[in-house]
Amino acid sequence: MLIVGGGAAALLMAAKLGAAGKRVVVLEQGPDFTLNDLISSQIWARRLKWGGTPMLLEGRHPVGFAYNAGWGVGGAALHQFGNWPRLHPEDFRMKSLHGRGADWPIDYAELRPYYDRIQEEVGLAGDALAETWRPEGAPYPMPPTRIFKHAELMAEGFHKIGIRTAPMPVAINTVERDGRAACIYDGWCEAGCPIGALANPQVTYLPVAIKAGVEIRSGCYVTRVLLDPRQQRAVGVEYYDSEGTRHEQPAKLVVLAAFVVENPRILFNSATEKHPAGLGNPNGLLGRAIMTHAGANVWAMFDEDVENHLGLSAALLMSQDGYGKESRSGAFGSYTWTIGIAQKPNDVLGFANARGALFGAALHEFMRKAARGVGKVQAVCEEIPTPENRVLLSDQKDRFGLPRARVIHNFEENAVKLFEFARDEGIRALRQTRAVDVWAGPTPNISHVAGGTPMGRDAASSITDSYGRMHTFPNLFVAGAGLFTTEGAVHPTFTVHALALRSVEHIIDRWGGLVE
């Protein structure tokens, strides 16, 4: 079988299929990375971000594609922060409970055992009892992370306005486990983790896949899914190697596990006479209902060393006191506070960009203080899916003459109001601390990408079934966050793993019927 993409879902599925005795080929567009290639520097970390054909990003709130996507074996999970809360039961029943968005074809109870198994396989650290909002599930296999001064100072402000906090559940070793080192809290997770404490694919499923004989090919740009003469089944894919040579890779079963935007691009570009709107798109829903999270960044400056260089790119603490979707008037949806994020000078985590109006001597003085005195919290705010936010094909072409992806994204009024509510709450909390200055980003920071190939109960309202199998092709699957029907207010990587485990076991159990 063939898996397109080399990220979290792809390598998990490859490992399980290989261990089950299946012959598996993985095609990854980017380079082949190992732990030795990971360097704790935000400049070097840019190598792990999107490096393929540029996307056309449009709308009032363009998707932050390059930052959220991955580039190379390991995918976006290679530079993930490691925040791994679970979706809540009501996230799966948005339409039934609130009349908005759509319901998932599965509920939390069905996904819970996969969450439990994944957290044991990859290793999660946290305090399940302290997370009073946490859905039912097994306790974490490792104790929570250390808490550094910057997180303690800001959590105090939240407590003073009546908001509870708990350790953030993270996919990071807090103790030595399974031959992997414990975290050293140097705050460089976003640049990868060369010691292997972060649960990126290089230390979780990639070694298992390689040991099982899975073939990993890097530098392979997949352009189309190939169909049989009757155009009813997938028979492989077309791809170009790093030298620009065209190839066809045959397969009895194909899984598209590329990034959220890439899977629709491939399916659109695979259009045939029988499928003129792209594969799996008779209902016109392919590429629609793309979702992101609106991040509300709030900063505080202290006149003391707050140890802000220590900790994680992930948050040390969290709060979901505001997770109830109708717990505030005029701003529907959930949000999660992430509290205590290690600070570095530049790039996405950089405090150099925290005060955009500062230049010259004023910026220099600010950075001198911020280097040891600034702290940050961020609210991860839910977006309700709408069909207008979508992936399309552009009129512009890539170097092989195929249309590039075009992504349109705008936050609706409700999403903006939810962002503003969370931002103002964060300002109120940090003003209760001994900070000498508190400020917030004026517009949402756009993080994570989900949707576009959503799962559902029927072919009229979705692209795939609950296992990611496309309704129109019995041996063509989709994996990853593109399957999400709604996104909740949590980072997607844990749920991506849980869904991939559920799907791959379904494939293995029904192998004969799928490949015939």
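Which residue in β8 is the bridge partner of G236? That would be P250. Before the close-ups, note that this is a predicted model, where local features need pLDDT of at least 70, side-chain atom pairs count only at pLDDT 80 or more, and totals for chains, interfaces and linings use all residues. Residues are numbered from 1 along each chain as its sequence is written, and side-chain values use heavy atoms, with hydrogens and water left out.

**View 1. Three strands make an open sheet in the order β6-β7-β8.** Their pairing is antiparallel. Strands here are DSSP runs of E with at least two residues, helices are runs of H or I with at least four, and both are numbered from the N terminus. Two strands count as paired if DSSP finds at least two bridges between them. At the edges sit β6 (221–227) and β8 (246–250), each pairing on one side only.

**View 2. Strands β7 and β8 form a hairpin.** Five bridges join β7 (residues 234–240) to β8, and the two run antiparallel. One of the pairs links Y240 to R246 in β8. Five residues lie between the strands, and G244 in the turn has a positive phi of about 85°.

**View 3. G278 sits in the loop between α8 (262–269) and β10 (291–301).** This glycine is buried, with a relative accessible area of 4%; buried means under 20%, exposed over 50% and partly exposed in between, using a 1.4 Å probe and protein chains only. Leaving out residues up to four places away in sequence, G278 touches L267, F268 and A271, where contact means heavy atoms within 4.5 Å. G278 and L267 are eleven residues apart in sequence, with their C-alpha atoms 5.5 Å apart in space.
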